[in-house]
Amino acid sequence: MVDSLPRGSVPSGSVELRLLSGVACRGRDVTSPRLRGLLALLAGEPRAGVSVVRLVEGLWPEERPDNPVKALQVVVSRARSQLGTDVIVSMPTGYRLGLDESAVDASAVLLAASASARSSRDGDHTGALAHAEDGLALWDGPPEPDDGDDPLPVLRANRAPTYWTLSRARALALARVARHTEGFEALSDVARRYPRDEEVLAELLRCEAATAGPSAALARYESYRRSLRDELGTDPGGALQRVQQELLQDEAPAVRRGVAHEPNPLLGRAGDLTAVLDLLRASRVTSIVGAGGLGKTRLANTVAREAPQRAVHYVSLAGVARDEDVAGEVASVLGVGESPRVRGRAGGPADLVSAIAEVLGASGLLVLDNCEHVVEGAAGLAGALVSMTRDLRILTTSRAPLGLSSESVYPLPALDPPTSAELFRQRAHAARPGAALPSGAVEELCRHLDGLPLAIELAAARVRVMSVAEIARGLDDRFALLRGHARDAPSRHRTMHAVVDWSWNLLSPSGRAAMRSLSIFPAGFTADAARHVLGGGLPGGGALEVLEDLVGQSLLEPVEGGPETRFRMLESVREFSAAHREAAGETDLAVGGMLAWAREFGAARHEALFGAEPFGPVERVRVEQDNLQQALRQGLARRDGPAVAAVTAALGGVWTLEAAYGRLLVLAEETAGLLSRYRPVPEDVETTRTALTVSVLATSLFKGPQATRTLVALRRLRPRRRTVSSPRSRRCWPPCRRSSPPAAPPWTRCAPGTSRSSPPSRTAPRDTCASATATWRGRSRRPRR
């Protein structure tokens, strides 16, 4: 008899045949003893199947029918009619199940146990837990002992050990994914069944320490040790003894040596705190890197307070002058000479490092602050400690990474604009509670402070005697403005000048020279622009090596997002470098490099702005717009015709396409005098033609047709020779035969009495739009006299 079963009673997944808890096939109960026995026998051999002889012996163990084969066929036929013709498949010597192994619970539990063990070996404890729970779900509960000889009880008895294997795997996985409360209960049940399983006991001790405290776990360990000694005369294994040592360390009081508490809230760093804690869990060495004034020290102190390690030691290296003194400073802070365990052992450097490692222990946290000026010494000590300890973690703050293979680097970003504004408001109200702080003015001011917390706090302190607008105007001399008087701040953090000067003094002479030259760019630069400014005589191989070193020192910030990586310099750093450039008398050289870059940049892109695919070139010019305007001012001051022509062609082309007519007219007026007197060499003719055409077009659009110096200069240029194809011949314009020029650009307008399709005549005004349009394409020439 086959009855229907509610859908909710069927286990999740693809199991179609259940035999371990009840007997059902495809959601229908199977109650016939013969059918249940047949299915159990076939489920015991899912791949090879079962012979007719074994099936007959299993179904009729005592009294066989007169025709056993015929009786078996009848049972198989009934099973197929009730459960489906595909459930049982005939074989030459017998029968087998036609279902996949994963569709039969008696086989699926074996697959789950195997998958769980494989995931555990691979370190995927979440996967191991999922497979174990999937397998256990195929039982309604722990299997009950059954001494029957029928095929179904025999099958269930054979699968009972798999249930306990899966229970053990689940308990271990729960502990290893830090679900300690559930893991403690599950491991306690497994430990009662397997009292000498030390892998289970080790995880049970860890879970008990996490839920009830290390003392309770140590008491359980001691009880097990005594019973093992009394019954077997031996001690626990090495793995269990190591767990005991961990518990003894956890039992010791928490140590936070040298960790400072912050005087006010740390704003906007919640995400950074989480990221650094995650890196500490995954890496032996973690370095927080960034420019001075970003708040690396404050973040490191917060991480030290939140770290899970029981023992945390904080050592500042700001006062260490030499690399070889780093280990001595750390040993002094840790009190290595005072420790009874290492007293008298700290002879040479190797002994000193060993003594430091012993005091720190196997799983503590060492924080090394301000490593940038002793990077070699800090890297050497960190590498040695990592190799001597099993799980010691090291956190460093620096303006450059240590360069270790065990190191993960976290570049600390600047504060975002909302957080910067909130920090300014908090510190300003602390300085003068009634100060007026207009939101727009505060946000604009913070934008010029680069999101540096130190710069924002120093600017906010000025609210005592200045308004926000006055502070913003004072940023023209930011190093005189951004000075503080906080007595609890290090001397190097009391002024922005001291902050930048600290980084400046760590640079090599070539690095300082590069910073002086690169500060000529007001809006960042690409590697190609840097090559023009830095020149070819760089030590070490070229501009990329210099840029990489400056990025490593946190003085340049790489910015992604375009076709080329750009490098950005903080405003404070750029102004500091520019002041040193002026003092060194290198400004003329840097300006010359910038103008050479601008000339090449404009010459390479001015024609593409009006080509078939203008979007890429337009975007590139937009990105460099501030740099190009700076180059234009310098080129006009130097009367540098090639550079002014190239910049005018690039900026004028973009502003024409953007319909920025006001800027276009100002550009035309500023450059008209120089361009009208400029006589370009052959390679600069086309760039100059574009620049003059933009000037003529702007003047004609806004002031009407009139004779201008730029129009005269434009018509004086050698015409561009372009070949125009026709079915009969190849003709050139200006015409050597009778022909008409192509149509003018669509944005031009014609003056009354002129035409776009005819070349300028002797009687037509020379300053008309038709003439300007023709010369734009290089197709006009002077009329003959």
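The model is predicted, so local features need pLDDT of at least 70 and side-chain atom pairs count only at pLDDT 80 or more, whereas totals for chains, interfaces and linings use all residues. Residues are numbered from 1 along each chain as its sequence is written, and side-chain values use heavy atoms, with hydrogens and water left out.

**Overall composition**

The protein chain holds 33 helices and 18 strands; these are DSSP runs numbered from the N terminus (helices H or I, at least four residues; strands E, at least two). Of its 785 residues, 47% are buried, where buried means under 20% relative accessible area, exposed over 50% and partly exposed in between (1.4 Å probe, protein chains only). Contact means heavy atoms within 4.5 Å. Among contacts between residues at least 6 apart in sequence, 68% join residues at least 24 apart.

**Positive phi and a buried serine**

Arg26 also has a positive phi, near 55°. Arg26 sits in the loop between strand S3 (24–25) and strand S4 (28–30), and its relative accessibility of 35% makes it partly exposed.

Ser119 belongs to helix H4 (residues 105–121) and is buried, at a relative accessible area of 11%. Leaving aside residues up to four places away in sequence, Ser119 touches Asp124, Gly127, Ala128 and His131.

**Helix H26**

The 19 residues of H26 (residues 587–605) should span 27 Å at 1.5 Å a residue, and the end C-alpha atoms are 27 Å apart, which agrees. The expected span is 1.5 Å times one less than the number of residues. Among the buried residues of H26 are Met594, Trp597 and Phe601. The elements covering the buried residues of H26 include those tabulated below.

| Covering helix | Residues |
|---|---|
| H22 | 509–518 |
| H23 | 527–534 |
| H25 | 571–584 |
| H27 | 615–623 |
| H29 | 641–657 |

**Packing of H28 and H30**

H28, also part of that cover, spans residues 625–638 and packs on H30 (residues 661–677) at an angle of about 30°, with the axes 11 Å apart. The pair is therefore roughly parallel, a term for angles under 35 degrees. In this contact, Gln625, Gln629, Leu632, Gly635 and Leu636 of H28 meet Arg663, Leu667, Glu670, Thr671 and Leu674 of H30.

Key
Axes fitted to C-alpha atoms, helices over the stretch in contact; angles between N-to-C directions. Parallel < 35°, antiparallel > 145°, perpendicular 65-115°, else oblique.
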